[in-house]
Every structure is written in structure tokens, then in C-alpha cells.
Amino acid sequence: MSQTVVQNRDAAETNTKLDVELRKVFKVYNGETAVRGIDLDIHQGEFFSILGPSGCGKTTTLRMIAGFDEPTGGEVLIRGKSMVNVPPYKRPVNTVFQSYALFGHMTVWDNVAFGLRLQNCNKSELQTRVGEALQLVKMDSFARRFPVQLSGGQQQRVALARALVNRPTVMLLDEPLGALDLKLRKEMQVELSTLHRELGITFVMVTHDQEEALSLSDRIAVMNMGKIEQIGTPSEIYEHPRSPFVADFIGDTNLFQGRVETSNGADLQVLTEKGLKIWVKPNSTWQTEHQGNHSEVVVSVRPEKIRVGNSDTPEQHNCYEGKLKHVMYLGTHVHYLVELLNGDSLTVLQPNRASELPALDTLVQVYWSAADCIALPI
Ligand code: ATP
């Protein structure tokens, strides 16, 4: 590994400063607001993902950090410096796009060298830096090939090298693995993570793939309709979603709308619209912000927290009878769709322990603990 790379990593380990700050950033296109006043602090050395459904404003946010779009209001700062009127090529960032955007008539080497040549980099430095960038992405033995002679994954590695050769402070990645098939995508996720660890520089990635964001990121911002709904570590976002949108968007979940009937300081009892009584152990956010009875809530229960049993199931609060309406064998797990007697449908995911799968329409008990539910105010 080169000295520059080692220095970068050491800097990241000892530094808790901010690399990117967004202050009340807005973007309006032709009268339509794409980004609605977001605030964001991204720390030096972080792998930070912006996650959300199509059209929520992720790419627009990234483009404003890169300088390809100017905010309509608010301010972007990089390493504490305002980026107002700073063009993209003068910002200490480089962007990698889903489409690779390699020059087809140039070799891998020339593609990576292109930006440095424009900056009139001297020959020996050019040799060193291009060689170093290609080595980092394990493409040094492909230097003489043209993009058409490479696989999708290899082309994306060249695109990464072309960005890294400029030694950016921040790497911006716009759906970088979006064009790859699932297997290659998984392999490249590991490589991206290794590269981030080795370099120690800040990565900001836009993705709509929640699994990718959960597995790669130090922190995630979940966006919805131009706003940030929640910022947190992958486990905070998954285990403690702050809104029904985040609970539903991140992973699978069962959602029940209802109102709090009893709130005795310990557990809450929620009466759902279809008449289920669900006991919920409130988390700290609930106790401080929403203590009253009769408040409207959505209760979220993850499929893997629910158990399916027969009539011998131990009695507990959240235990209901239903019929198996769908059973899907997934190898390591079995996925069930259970229709409760009140008409609600539940999805359940259980480790595959049974030797035989139960028949459709079998009567079962489904049950889960109050601690495995989350009550989300609406
Ligand atoms: P996707 O995952 O589909 O790329 P996204 O979350 O990245 O979506 P953006 O590309 O940021 O979403 O777009 C946010 C909104 O802004 C969308 O409604 C989009 O149509 C609109 N938009 C984006 N770019 C422009 C533009 N150049 N002109 C007009 N409207 C735009």
C-alpha cells in the first residue's frame, strides 16, 4: 500500500471532524421541490449512505455536494469551506456513476490518466499515481485493455480508479453497483468496503438498495419526498425506526394502525383498527415524547420476530390464531403468510428447522413478545 494511502487512513482514524455539511439545503426544479431543507453532517472517514425510494431526492443531494447542481437555498460545506460558486472541478470530491462513463476509445490506463493529463501532471508522477490507483482496484494487469474488453464489474473498478487517482477528500458514489447482476454486486460490495477501509477517506453513496446500505455503511440517511426521515447506524435504523415510513422501507415488517388504549408506564396496549389488542414495550423515545393514551400509532413487528406454533404454544399477550395461506421454502428459512381470524395478514420468517413443511390452511398460533414491537407515532 502506498504512503499516501496509509497517511489517509491514519488521518481518518484520529480525526472526528466533518468532511461534508449541508445546512438547510433546498432544490427546486421548475417550481417543484426535489429537496426540502435538509441538514446533514458527514464525518471524515465515514461510509455514509443516502437511501430512499425512486424520486426522493437522493441523486439531487449528491449532485449538490459534487457541484453539478447548485442549491436553490441553503449551503453545502466541504471541510468547513462554503461551496457557493465553487465549480465541480475545484471541489475536493470525485463522483463514480452507475453508468461507469468510461471513454470507449481509450485503454484502461489512459482512462485513469485522463484527468491528471488535463492538469498537466508530470510524466513520472502520472506513472506512479495511475499505477497506484489501478493496483488499489486490482486492475493493473488490465491496463492495456479497452473498456469493451472488460466485464461490468471490471469497468466499474476502472471508474473507481479514475476517481481515486485524483486523491479526493470525498468519494461520491451514485448507485455505483446498480448496473451489475446480483452475484457481481455482492462481490463488488465486499471490494468497495475493503477499499474504503484501506483508504480511510469519506465515501458518500446513494442507493435505493436497503440491504446494500445496511451492509456497507457506518451511517445511513433515509430520505422520503425530499426530506431526511432518520439518520443512524444500520442497527439503529433497522431496530429502532423512528417513523412508519422507515420501518416499512428498511427490511420487511408487519404494520398495524391503531390507538393506545392503556399506557401504564410499563407496556402499552394498542387496539388496532381491526380489533387486535397488541402489547408493546415502549422504547425510550416513546416514553419521553408520547406518554398519553388514545394517541394514534402504527405498530411494527418484523417477520423474523414472530413465531408460528401449534395449539401447545405457551400463552402470552401477543398470541393469535390464524390459517397458513402461503408457505415458501427459502432453504435456510421458511416464509409464511398467515391470515388471522380478524382478516389481518401477517408475514413470518422462521429458520428452517422442520423436516416437513405444514400444509396450507393448517390452523396455527402466531405469537411474539411485547419487546419485539415498536409503536410509531403518526
Ligand atoms: P432515483 O433513485 O430514481 O434516481 P432519486 O431519489 O435520486 O431517484 P432525484 O433524481 O434526486 O431522485 O429526483 C428528485 C425529484 O427531482 C424527482 O421528482 C425528479 O423528477 C426531479 N428532478 C431531478 N432532476 C431534475 C431536473 N434536472 N429537472 C427537473 N426535475 C428534476
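**View 1. Strand 3 is mostly covered, with 5 of its 5 residues buried.** The strand spans residues 47–51, and buried means under 20% relative accessible area (1.4 Å probe, protein chains only). Strands are DSSP runs of E, at least two residues, and helices are runs of H or I, at least four, numbered from the N terminus. On one side of strand 3 the buried residues are Phe47, Ser49 and Leu51, and on the other Phe48 and Ile50. This is a predicted model: local features need pLDDT of at least 70, side-chain atom pairs count only at pLDDT 80 or more, and totals for chains, interfaces and linings use all residues. Residues are numbered from 1 along each chain as its sequence is written, and side-chain values use heavy atoms, with hydrogens and water left out.

**View 2. Strand 3 pairs in the parallel sense with strand 8 and with strand 9.** Pairing requires at least two DSSP bridges between the strands. Strand 8 (residues 202–207) contributes 5 bridges with strand 3, and Val206 is the bridge partner of Ile50. With strand 9 (residues 219–224) there are 4 bridges, and Ile220 is the partner of Ser49.

**View 3. Ser54, among others, lies around the ligand.** The shell divides into 4 nonpolar, 5 polar and 1 charged residues. Helix 2 (residues 58–66) gives the most to the shell, with 3 residues. An N or O atom in the side chain of Ser54 is 2.6 Å from a ligand oxygen atom.

Key. Near = heavy atom within 4 Å. Polar contact = N/O pair within 3.5 Å; in protein donor to acceptor, adjacent residues only side chain to side chain. Nonpolar A, V, L, I, M, F, W, Y, C, P; charged D, E, K, R; others polar. Buried < 20%, exposed > 50% of the residue type's maximum accessible area, 1.4 Å probe, protein only.
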